[in-house]
Amino acid sequence: MREIRYREAVREAIREEMEADERVFLMGEEVGHYQGAYKVSEGLLSQFGEKRVIDTPIAEAGFAGIGIGAAMTGLRPIIEFMTWNFSFVAFDQIISNAAKIRQMSGGTFDVPIVFRGPNGAAKQVASQHSHSVDPFYTNIPGIFVVMPATPRDAKGLLKTAIRCQDPVIFLEGETLYNVKGEVPELDEEELIPFGKGRIGREGKDCTIVAFGRPYYEAMQAAEKLAADGIECEIVDPRTLRPLDIELLVESVKKTHRCVVVHEHWPYGGPGAEIVDQIQREAFDWLDAPIHRVGSLDVPMPYASNLENFVLPTVERISDAVRRVSYAK
Amino acid sequence: MALSPDDPTLGLFQVLREDLSEPLPEGEDPRSHPENDPELSEDTLRAMFRHMLRVRLLDERMMMRQRQGRIGFFGAITGQEATPIATAFCLEEKDWVFPALRENAIMLVRGFPLTQWLAQVYGNSLDVLKGRQMPSHMSGRSVNQVSWSSCLGPQLPQAVGAAMAAKYKKTGAVTIGFIGDGATSEPDFHCAMNFAGVSNAPCVMICQNNHWAISVPSKKQTRSATFAVKAHAYGIPGVRVDGNDILALRAVIGEAVDRARKGEGPTFIEAVTYRIGAHSSSDDPTVYRSDEEVELWRRKDPIQRFERYMRFKGLLSDDERAQLEKELVEEILAAIENVESAAPPARETLFEDVFEERPWHLAEQQDELLEHDPAPSAH
Ligand SMILES: Cc1ncc(C[n+]2csc(CCOP(=O)(O)OP(=O)(O)O)c2C)c(N)n1
């Protein structure tokens, strides 16, 4: 299979869906002439023109609302946030409007819209630029939340998101954009359904549930632990809403141990939700309490030495696996 | 509503000629509007020139350090020095500053130590902010200056809030809030302008229109003829001023501050300027704007223009100019050296200041973290 970068995978999904459906358009800050703050939309303006690749004033609440209005009346907008941190000024549009309109209108209106952009910490951009927003959005009924770790998942899930009749929160990662991975050929269309996880690595001793950026730290930890004779199974749910609880439970029933890794803070969030569901479905199969590894419960500092401590590290993940394995 | 052509929100208040890139014949007045000259004292003029030049030299050295990989990020204000420096010279000690991206230097004029300011760029153990905040987001509690928010806009309603608080407490303090031309598209701008008008708070809101918001030109932010004209919609006075003319700025901002202090309410000022350099160290401006445009604005350089005035007034000779630059560079290099050698912040500091008192679970997280090797993990 060919290898492309995550950034290119996202771009391919947007391009293919825009080619296939004239109702799809891309809108956001610097998506056109500048080709995206992270160069995701490179070439799209020249291919589709200013009608369908729209540079906006700096007003997230504004263009989130513009997108919702267009979606309610028949178009299929893809709204790019330069980073998800800037979606907070558009919270009301997303939460009280996009997520509610179908239900409040008794199903007479829908909002087929994708909100996308990089989520989580980058490198030394401090607390206001480093939020993992997944806990905020997963709490809301009425929106799907997708958080792909690999280029293949990013492409296949984004295509599904763009065709979805409901609002989708699509969480990419600034540090993921350069990641390379296998993706099917251009003529082999792949749509990955929501609610289907993926086994990233097979193992029999401990399940590590990981999604988004720390998926890679989890993979590294698994390599290190394998050298010590602990074989981890890595399961990436890929979509946080809906959640493929069946796959997670199946893995835990096999390994009897589980660590959940996430970039978000420890209080609540999808990490806690996953633990809750697993303990209920697989209680009799568990040989140890489920542990979680997330960011430390502090706002992200700027200093790089401190930043590295805050994020889930390979060491902390390995430690948690050893703990649930009662191994030293 | 038809505005009269002499409406201050449509014109451009100036003292100095716009293009002073070429030396003037001996004795020729560099002012196009001498009647607008605030007639400042010689000491004030000298101090203003010193501060402008200091910021320029400092920015140059910081960008160099960034390219060498010694600091993570930097946003310079090259070409925009006049507005922050003029503002600083309009304020009293009790006044408050709520900056946007390019006004950090105000605190340096108001007595914040250079080494401490630099420590905020390095985010190391000398930094009073303990390595938490990004470079170019400096703040100084000791000089009543807060940090701007990375998410654009919030500082402006906050500035109005601080002004309303000053009125409530009868402190007589004035608050200055800043916003970039790009960020005027954010709802916070409109909230701030509206509240300022409704509350008649003692504040001055300044928009530095530097023509670009990263790659987006200001004409794509608004269809209004100017930014200043927006003041009319909120029922507050607006003025459009040459943002590369420190004398014009000192006059306009000074008057607005006086009005606010007398209880006569807020003012909105558009300072028309230009960002000569990149948006920040992460940006390449050559992909979205022409060299000719940049060159046109280089000819209106605010330091150059002020320098011509200083020379005309007999306040700056070649020798004095050279001596001043030498002194400033020495001061800056010594401060950098001092700061650069400091250690990174200690790990324990991670758990401080999240709340006033450290909760038990953070104490627990700290214990766990300290069990590990002190070296940060490679990423
Ligand atoms: C809410 C929000 N949206 C987007 C950004 C990304 N961003 C950072 S600076 C900037 C441009 C700001 O332009 P302007 O307000 O004109 O200030 P200038 O940089 O020109 O001084 C943008 C879009 C952000 N920081 N916050």
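**Figure 1. The largest nonpolar core has 188 residues.** In this predicted model, the residues of that core touching the most other members are A:V146, A:I208, A:V259, A:V321, B:V204 and B:M205. Helix α7 of chain B (residues 246–261) gives the core its largest share, 10 residues. A nonpolar core here is a set of buried Ala, Val, Leu, Ile, Met, Phe, Trp, Tyr and Cys residues joined through C-beta atoms within 7 Å. Buried means that 20 or more other C-beta atoms lie within 10 Å of a residue's own, exposed means 12 or fewer, and partly exposed falls in between, with C-beta atoms placed from the backbone. In soluble globular proteins, nonpolar side chains tend to be buried together.

Some ground rules: residues are numbered from 1 along each chain as its sequence is written, while chains are lettered from A and ligands numbered from 1 in the order in which they are written. As the model is predicted, local features need pLDDT of at least 70 and side-chain atom pairs count only at pLDDT 80 or more, but totals for chains, interfaces and linings use all residues.

**Figure 2. Zooming in on A:V259 and its contacts.** Setting aside neighbours within four places in sequence, A:V259 is in contact (C-beta atoms, placed from the backbone, within 7 Å) with A:C206, A:I208, A:H291, A:V293, A:I317, A:A320, A:V321 and A:V324. Another core, of 15 residues, lies apart from the largest one, and its members include A:A126, A:M300, A:Y302 and A:L311.

**Figure 3. Chain B has an open sheet of five strands.** Read across, the order is β1-β2-β3-β7-β6, and the pairing is parallel. The edges belong to β1 (96–98) and β6 (238–242) of chain B; each has a single partner strand, so one side of each is left without a neighbour in the sheet. From one strand to the next, the twist averages 20°. Five bridges link β6(B) with β7(B) (residues 267–272), and B:V239 has B:I269 as its bridge partner in β7(B). Strands pair if DSSP finds at least two bridges between them. Helices (H or I, at least four residues) and strands (E, at least two) are DSSP runs, numbered from the N terminus.

**Figure 4. Two helices of chain B meet the sheet.** Helix α5 (residues 155–169) of chain B packs on the sheet and touches β1, β2 (175–180) and β3 (203–209) of chain B, its direction making about 170° with that of β2(B). Helix α6 (residues 187–199) of chain B lies across β2, β3 and β7 of chain B, at about 150° to β3(B). Axes are lines fitted to C-alpha atoms, for helices over the stretch in contact, and angles run from 0 to 180 degrees between N-to-C directions.

Figure 5. Because B:N144 has 21 C-beta neighbours inside 10 Å, B:N144 counts as buried.

**Figure 6. A cis peptide bond runs from A:R241 to A:P242.** Its omega is near 0°. Look for A:P242 in the loop between β12 (239–241) and α9 (245–255) of chain A.
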